[in-house]
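Open the model in your viewer and keep the sequence panel beside it. This tour tells you what to select at each stop and what you will find there.

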Amino acid sequence: METPKAKKCKFCQSEIPQKASVCPQCGRKQGGKAKWVIAVIVVLLIFSALAGGGEKPASSGENPPVAENSTPSDTGKTEETAPVEIMEVSPADLLSSYEANEVKGDALYEGKTMRLNGTVGSIGKDVLEEVYITFAGEEFSITSVQCYFSDEAQIEKVMELQEGDTITLVGVCDGKFGNVLIKDCVFE
């Protein structure tokens with residue numbers, strides 16, 4: 001069976017060569033599948049960035065976000081636990097470190113408990129309905145430091161916030177997935 005050597009223009013209905021991407025009669029592009037493939041990829045990337053709130057499995061070496069001096073044991077006695085080292089870092093420094101070199105950013109910060117102080121940029125929920133705030137950054141910046149809250153008491157405090165409020169919180173860095181993610185945040 002022969003393949004057709006001509007096709008009809010999508011706009012003026014003139015017969016044009018099968019491989020023509022522009023109609024020689026009306027001059028309009030015939031389009032193709034490439035724009036749809038690109039559109040699907042862009043939508044998937046946006047969805048992936050918004051779904052950055054998904055939990056990673058906890059590793060045995062992961063530090064809890066807040067140090068406790070003692071925890072009750074089964075016998076009712078308290079056991080002393082080693083205090084968690086909390087790094088002091090500004091949201092701007094954390095973000096710029098990750099944007100300069102994500103691999104180095106992970107080596108320096110991923111899995112570490114940190115204290116962040118800054119101005120609230122936005123307050124919302126991601127596609128998984130997880131509550132977060134972002135720190136305000138440069139005016140036209142695409143990425144930010146995004147802090148997630150899982151404790152109901154902390155979420156109640158998030159509901160009292162407004163954009164522009166200055167806050168201090170402690171959480172565990174979960175690396176960069178679109179934004180730099182901080183998990184299990186608590187206010188100080």
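Is D174 buried or exposed? D174 is buried, because its relative accessible area is 16% and buried means under 20% relative accessible area, exposed over 50%, and partly exposed in between (1.4 Å probe, protein chains only). Keep D174 selected; we return to it at a later stop.

**Before you go on**

This is a predicted model, where local features need pLDDT of at least 70, side-chain atom pairs count only at pLDDT 80 or more, and totals for chains, interfaces and linings use all residues. Residues are numbered from 1 along each chain as its sequence is written, and side-chain values use heavy atoms, with hydrogens and water left out.

**Stop 1: the whole protein**

Show the cartoon. The protein has four helices and 10 strands. Helices (H or I, at least four residues) and strands (E, at least two) are DSSP runs, numbered from the N terminus. Trace the chain from the N terminus: the order is β-β-α-β-β-β-α-α-β-β-β-α-β-β.

Now show the surface. The accessible surface is about 12600 Å², and 55% of it belongs to carbon and sulfur atoms. Such areas come from the Shrake-Rupley method with a 1.4 Å probe; for residues, only the protein chains shown count as cover. Of the 188 residues, 30% count as buried.

**Stop 2: strand β7**

Select residues 131-135, which are strand β7. Five of the five residues of β7 are buried, so the strand is largely enclosed by the rest of the structure. Turn on the side chains. V131, I133 and F135 point one way, while Y132 and T134 point the other way. In a regular strand the side chains alternate between the two faces of the sheet.

β6 runs antiparallel to β7, and five bridges join them. Two strands pair if DSSP finds at least two bridges between them. Find V120: its bridge partner in β7 is F135. β6 and β7 form a hairpin with five residues between them. In that turn, E129 has a positive phi of about 65°.

**Stop 3: T134**

Zoom in on T134. With 9% relative accessibility, T134 counts as buried. Which side chain does T134 join in a polar contact of 2.6 Å? The partner is S122. A polar contact is a pair of N or O atoms within 3.5 Å; within protein, one must be able to donate a hydrogen and the other to accept it, and residues adjacent in sequence count only if both atoms are side-chain atoms.

Select what T134 touches, not counting residues up to four places away in sequence: T119, V120, G121, S122, S144, V145 and Q146. Contact means heavy atoms within 4.5 Å.

**Stop 4**

Select β6 (residues 113-125) and β9 (residues 166-177). The two pair in the antiparallel sense over seven bridges. N117 stands opposite T168 in β9. L169 has F187 in β10 as its bridge partner. The hairpin of β9 and β10 has one residue between the strands, and G178 there takes a positive phi near 85°.

**Stop 5: salt bridges**

The whole structure holds four salt bridges. A salt bridge is a side-chain nitrogen of Lys or Arg within 4 Å of a carboxyl oxygen of Asp or Glu.

Go back to D174. D174 forms a salt bridge with K183, with the closest N and O atoms 3.9 Å apart. K183 is buried too, because its relative accessibility is 5%.

Select E188 and R115. Their closest N and O atoms are 2.6 Å apart in a salt bridge. This pair links distant parts of the chain: E188 is in the segment after β10, R115 is in strand β6, and they are 73 residues apart. E188 is exposed, at 55% relative accessibility.

Finish this stop at K125 and E129, whose side chains meet in a salt bridge (3.5 Å, N to O). K125 is exposed at 51%, and E129 is exposed at 53%.
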